[in-house]
Structure formats: C-alpha cells, structure tokens
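Please look through the sequence and the structure shown here before reading on. The paragraphs below then describe the structure step by step.

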Amino acid sequence: MADLQTAQSLERQSMPLTGASLPRQAPLLAAVIAGGIAALIALLGGFGWVAAIFVAWLLLLVGLPLWSRAVEGGRRAVDRIVTLLVWSAFALAMIPLVSLVWTVLSKGVGILSSQFFNNSMRGVLGEGGGIYHAIMGTLIITALATVISVPIGVLTAVYLVEYGKTSRLAQVITFLVDVMTGIPSIVAGLFAYALFALFFGPGVRMGIGGAVALSVLMVPIVVRAAEEMLKLVPDELREASYALGVPKWRTITKVVLPTAIAGIVTGVTLAVARVAGETAPLLIIAGFTTSTNLDPFNDRMTTLPVFIFYSITEPGLHADAMADYAWGAALVLVAIVMFLNVVARVVGGLFAPKTGR
Amino acid sequence: MTVTAPPEVDREESTGRVGDVVFAGISRGSAIVIMLALAGVAVFLLQQGLPALGNHGEAAYGKDNIWAFVWPLLFGTLLASVIAMLIAAPLAIGVALIISHYAPRPVAKVLGWLIDLLAAIPSVVYGLWGIQFLALNMVPVYKWFDAHAGWIPFFEGPVPNSGRTMFTAGLVLAVMALPIITAICREVFAQTPLMHQEAALALGATRWEMIRLAVFPYARSGMMSAVLLGLGRALGETMAVALVLAPTLIVSFNLITAERSSSTIAANIALNFGNASGSKIDTLIFSGLVLFVITFAVNFLGRSIAARGQRG
Amino acid sequence: MAKSIDVSDLNIYYGDFLAVEGVNMTIKARSVTAFIGPSGCGKSTFLRSLNRMHEAIPGARVEGKVMVDGQSLYEPSIDPVAVRRQIGMVFQRPNPFPTMSIYENVLAGKRLNAKRMSKSDADALVERSLRGANLWTEVKDRLNKPGMSLSGGQQQRLCIARAIAVEPQVLLMDEPCSALDPISTAAIEDLIAELKSDYTIVIVTHNMQQAARVSDDTGFFNLKATGEPGHLVEFNPTNKMFTNPDEESTEAYISGRFG
C-alpha cells in the first residue's frame, strides 16, 4: 500500500527545478556576436554604421530567442524577446532626448557672454546683439501671468475644497478646469487677441495680453496642484481649529493654507516653468520686436521662445548668426525652466507634509 | 507649527461672521472668474470665428469656402499626431515598464526624475532641435525610403535637402509627447496591486507573463487615457510643427517631401497670423475654434476613460 | 523518497537589514507544518523564501540553503520560475485576477505552460481543481462570472484552486484565513486537512488554535529582542508544542502570556 502510494507520487513528484538555461552572459555574448556579424556584413556591403547597428539589432532579436528557445523552451524565449524589445524601446527613446539636451548645450554655450545677456537686437544685423530684451520680456510677462493666476487659482481651489465640495457650482468648475487644461496654447493666444482687439482695435499687440493668455494656461495647473494639496490637509486639523472657536475663514488662512503652502509653492513653480516656455500665444498677442520694451501695457514685447522662433523662421540675411542666437536663447530658456523645476522639487521635498502618502 | 499657535479668538462674533462671508465670497468669486474666462474664450472665438463661415476666395486663402481651407489643415493635424502616437506610444510604454519593472530601483528613480525634467522642456526648443538637427539627419533615411520604397505613396520623393517633411514633424511631436505618456503610464504601472503581481509569480509566471497577467489588464484604461492625453497635446502643439513645416493647404499622405506635404492648424495660425488682417484673421480664428473642439473631444475621452478605470 | 524541505542556516535580508537569522528545519512531505509567532518576527518572510517569492521585493536576498527534493533552491542553475510552479502559494488576502472569470482564474497558471488545451481538458481541469478546493458545487453554474464577484472565503478557495491547478508539490499559505470570517475559515481548514494527502503544506497563522487544529508540526518564530532579527525558537510536533514545549518562551507565547 505504502509502495503503491510512493510509486504514484513519484510520478507526480518528479521535480525538475533546474531546467536548462542559458548562461548569465548569454545576452551580452549574443549581442557581441550579432554586432560582429553585422560589422562584417557592413564592411562587405559598404553600409553606414546606422544600418550596421540596425542589422545587428535584427540579428540579436532573432538569434537570442532562437537560441533560448532551443535551450530553455518557448516561454523563456518569449520572455527574452520582450525584455529585449523593452530595453530597445528605452534605448531608442533615449537617443532623441539625449541628443536634444546635448545639441542645446553644445550649440548654445558658445555664444554666452556678458554682451549676449546685456544687449538687445535693436539695429543689430548679424553679430553683436544679445537677448536682454527677450529675457526681460519673459520675466515681465511670466511674472504678470503669475500675479494674475496664483490668487485666482488658489482661491478657486479653496472654494472647491473648503466651500463648494459637492455643490453644483463646484462640479461645473471642476469640469471647466478639466476643459481648460486641454486648451491648445495657440487658442489661448487667439482668445487674448480677440479680447484685447475688442478694446484696442484690431492689430493690438501688448505684453499684458500675453500675460492674460498665459494665465488661461496657468490657472488650471495651479487649481489642480492647490486642490491636491488642500485635500491632503487632514480634517482633524480643521476640526481642532473650529473647536477653539476660530471662524472658518481664519482656519483656512491661518491653519489650512500654511499647512499646504509647500505643495502649493511646488505646483505654482512647475506651472511657471511650463508657461515660461510657451511660444504660440505670445507670438499672436505679444508680438515680436528687436528692442527692449519694459512696459507691458504698451506696444510689442518679445520673450525668449518667440525670439527663438523668429530667429529661425525669419532670419534675414544672417541666417547662421541668427541660428547661433536661437541656440543661445534656447540654452538660457532651458536653464531657466530646469532651475524652476529643481527649485519646485527641492521645496516639495523639504516641506512635504508628513501626512502625504 | 501652525497647530501649536492657534490664532487669537475674535472677541466680537460679528467680525468672524463678516470675515467668513467676505472670504467665502472672494473664493467663490475666483471660481466664477474661471467660469467667465472660459465662457469668454468660447464667446470671443465664436464671435470672431463664425463670421468666417461665409469667407471664400482671398479671405479663405484662395479656397472656395472655409471648409476647403480648414480640411487640409485638419487632415495634416491628424496625420502628424497619428504618426507621433504610433511612434511614441509603444516607446513610452517600454520606457515606463523599464522604470516600473525592469530597471534596478535606484536607476529607475533617477530615470523617472529625468523623464519629468524632459517633459518640462519648452516645445519651441524641441522645434529648434527638430529643424536644425533631426531634420538634417533624417535626410539619408528619407532618401533610402525614396529609393527603395518610393512606389508606396507615403514615400514618394523628391526628398528635400532640408529634411523638413511631415514625417519629421511627426517625429518631433513623438519626442515631445514621449515624456508625457511615459509619466502617466509609469504612474499607472506603479499602482498595479502588488498582490496580483505576486499571485502571477506564485503560479510560475515569467516576468513578461506576470506583466501580461497582472499589470496590463489593470493598467489598460490608464494606458489608453495616457495615449489620448498625449494625442491631445500633439494635436494642439504649435511651435514644433510650425518650425518644421511650411504652411501649405493640401491633403497629402506623402511623408517625405516638402512641396506635397500637409500642414497643421496650429502651425498655420502661428505662421500666418503676423501677416493676417481683416477677414483673414477671422478665418484663422475659426480654424483655431475647430482645433479647440477636436482637442476638447480627445481630452474629454481620455479623462473619462481614466475616470472609468479608477472606478472599476 | 520523502518530498521534504530541508532548511539549513538560512539568513534572510532586505538590503542590509537582516530580517531572519539562522533557521534550521526539516518540513516533512505530505504533512501540514504551521509557523506561529508574534507580528514582525519573520515567519511570512521565511515562508516566502521557500519558493523564492522573497526576491520579488527589490533588494531582498538570502544566505544559506533550502533543499527541496535534493536540489538546492538558491543554486545559480535553479530557475525561480520553475521553483514557483512546483511550490505554489496562497496569500493573506484573496487575490483572484480582477479582469478574469472564475473559469479563467483557475486556468491562469496552466495556460502559461500548455500551448493549446482542448476545451474538454480545460473543463476537466477546472472541475478537478475547483472540487479539490471544495468550491465546485458553489460556483459550477456561474463559472463565467468574474472571480471578484465571490465572497471573501470563496475567493480564497478560488485562489487555492488556482494554485493546485498547476499541480505543485508544495503549497505555501501565508495567513490564508486572516481576512475571513469563522465559517469560511472552517471551510479552508477542512480543505487543508484534505489537501494534506497530496501536498506538503506549510501555513503561517496568527491563530494558535488553528495551528493546533490543522498542523502536524509547528515552528515558533520570535524576535531575539526588539530591533534584532527574527529566529526559529522551537520546531516540534504540534502535540508536543502545545502540551510540553522544550522552550519556556514557547510556552509563554502559547499560553498567552506575551505576544
């Protein structure tokens, strides 16, 4: 009886845990072999190195799974194909992104000088100009947009979280904020133009219009960020304050907002970084000029992105020099945006509410 | 720090009451400003754009009617965005998988951070890179396609030496949308419940089988909405395309020529607005209205899929 | 030819943190072995190291030896995927795949390996596994309903059916009843008693009565001190454990004087 059971269980219980498998270095080895074959083919056939890499990749994609299939079986082979494809996708995606960063750095760094930062392009043909006017334009218009958007955005978030909650109006506002996040930036520009044309006649161009257009893009980002942060403030804190007899508005301004301030600052900073790089709306409503204009309520005002755009699309006679300006301006713009992003992350990391996640 | 120092309690109750009313009013007012602003966007665009419905001839850039003007641009917008999504979506899912499941933890953290930074790079910089670097480097590839696959309508030459083609525009949009789609997919993948992944592993699943069994079914709606939101971004993107493509008004599937390639709504507005006047402005604003409607529909679809996924 | 698990000098780490130290034991084939001990003493961690699920957590690693059927689980030549096929696992919270029906859930593991399974083979396997998990009569009329539509106890039995459908040698159960009501718990305990004739079962439980009811052998895990790694205090037949344990701390724990 016992024997029978053992025999039966033996059949079921043979436990191959090892299963033949490829050596750990198999992918590397396969890659080297594929690369070698491809190099040989490329030498014989006279291909460029891009084609050679492509051939090597194809060889690897076919060869490694076939080898794996022969040794390890179909499931492991499929796993290897997918792993290879996923890493290939990653490598392929990194190429343009790395190339972008590298190109901006290498092409932009040459032109940076005190003259580049302190001069405008007024009356400049070819070399000798700078982007002072564009930097100032970016700073002024972005600052104005921030001044408009932050109070509206934060107060709206306060309304949604503290007052509106599930009211009809709050639902409508939440929906509209969703809609606003999807407005194409050029449409925001058209809106600002249509609005200002109503008061100042057609053909109007002024910096404040750009700020209004950017606000349309910025407000929803600020509302979203502030809303998230206010929701993280625990209700116990509010109740503790109410229990002390503090009126609601003071609870919000003295307890809730200070608790959430780090997160809100992070969100606002990211929003500023986002709109500082906007081009399309400013192209339409703020226009383009080569001289420095510090008055946002009067006449055209250039920002860095618009400057880059015109340097490429309408370079005039000195296309090469203008391309250099464009790359320099792009580097400065990327530096500003990256700086804001890093600041946002540091602020968010330092003061992260302990209640979060 | 804020709880320990409770603000002094108001002696007069009325102060609190008045303050409450005022503050509630201000915050509600801000919310209403948003409503008015959006209503303003709609009203102004309609008011300026609708008169263009009757435009033809010179005012419609030489077309018989406004639709003949808008259609090629709409076509180009969709074509460029679809190319971008076909390229970006698989790559973005791959990158997101690397960050969530394949790369070692510390590497993945750095990569996630890097992708977020790349998502913040202004679109005009992508455009600049597209026209001055990518386009030029793609020319040999286009020439190869022209020579070897020219019989397919997509790849009929002649290839411009500038490389400024529809395919280049799609590529730039793909590179731009990639970090955005990746960021959303990564988030969704990371939220897949560990217990389902462990269930799959405990059944003897390989890593890919685990992803197929436990991650993808859970993340399906999130991935869909990520792609749709990326598409919404690509549709409305102006600068990258405006820098690469010339404003033409033709419908063409050709991907690798300059003369016979379509343009997009947003780029066309950006390139023509500076020189436009009178009823031409109305025409351009009308095309912006069309763009707004389309992106709104795509974004709305994306969000509702995401919301449904979260409930289910 | 006993299909036992021999563990010798096993240290389990999360990164640099030593979670469990120096475990030695022999788990007998076709018996139920229970692990008891206070929370955080490493009994679940130890259980997960028996089928290399421990590695699913980034940074986790193991030193020492786990021998199953004469093979050392942590040898480089061993395929963790094959290990988990042979050594199934049931988790604390029922985790049927949410997008799959009851039928598909049972077949999920089997489908990974069998390229094509005829409808009749698949039906037979589903019925056999569900009967094995004492769930067949309750669900046979709604096999195409989602797995999540079942009650908690039924879901857990579905997970057991899913685990035994791949025909493992060993079943590891990580507090399988902790999320269930008493009636469902009784159903699972009956099931464990039946499964024992075919499988080697290892169960982690917080419930000492449960350990006493279902198990043949019991291991008691404890922390040496707060902040120190967990270790195996005593490993003995359940009868002895609950009547006359070797260690004083075991008796203290079992009689409820601490932990």
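**Chain B and its contact with chain C**

The contact draws on 15 residues from chain B and 19 residues from chain C, where two residues are in contact if their C-beta atoms, placed from the backbone, lie within 7 Å. On the side of chain B that touches chain C, the elements giving two or more residues are α6 (194-202) and α7 (207-236) of chain B. The largest share of that side, six residues, is supplied by α6(B). By residue type, the side of chain B that touches chain C comprises nine nonpolar, three polar and three charged residues. Here Ala, Val, Leu, Ile, Met, Phe, Trp, Tyr, Cys and Pro count as nonpolar, Asp, Glu, Lys and Arg as charged, and the others, Gly among them, as polar.

This is a predicted model, in which local features need pLDDT of at least 70 and side-chain atom pairs count only at pLDDT 80 or more, while totals for chains, interfaces and linings use all residues. Residues are numbered from 1 along each chain as its sequence is written, and chains are lettered from A and ligands numbered from 1 in the order in which they are written.

Chain B contains 10 helices and zero strands (DSSP runs numbered from the N terminus: helices are H or I, at least four residues, and strands are E, at least two). Of its 312 residues, 53% count as buried, meaning that 20 or more other C-beta atoms, placed from the backbone, lie within 10 Å of a residue's own. The C-alpha atoms of chain B fill a box of roughly 80 × 65 × 35 Å along the principal axes.

Methods. A residue is buried if 20 or more other C-beta atoms lie within 10 Å of its own, exposed if 12 or fewer, and partly exposed in between; C-beta atoms are placed from the backbone.
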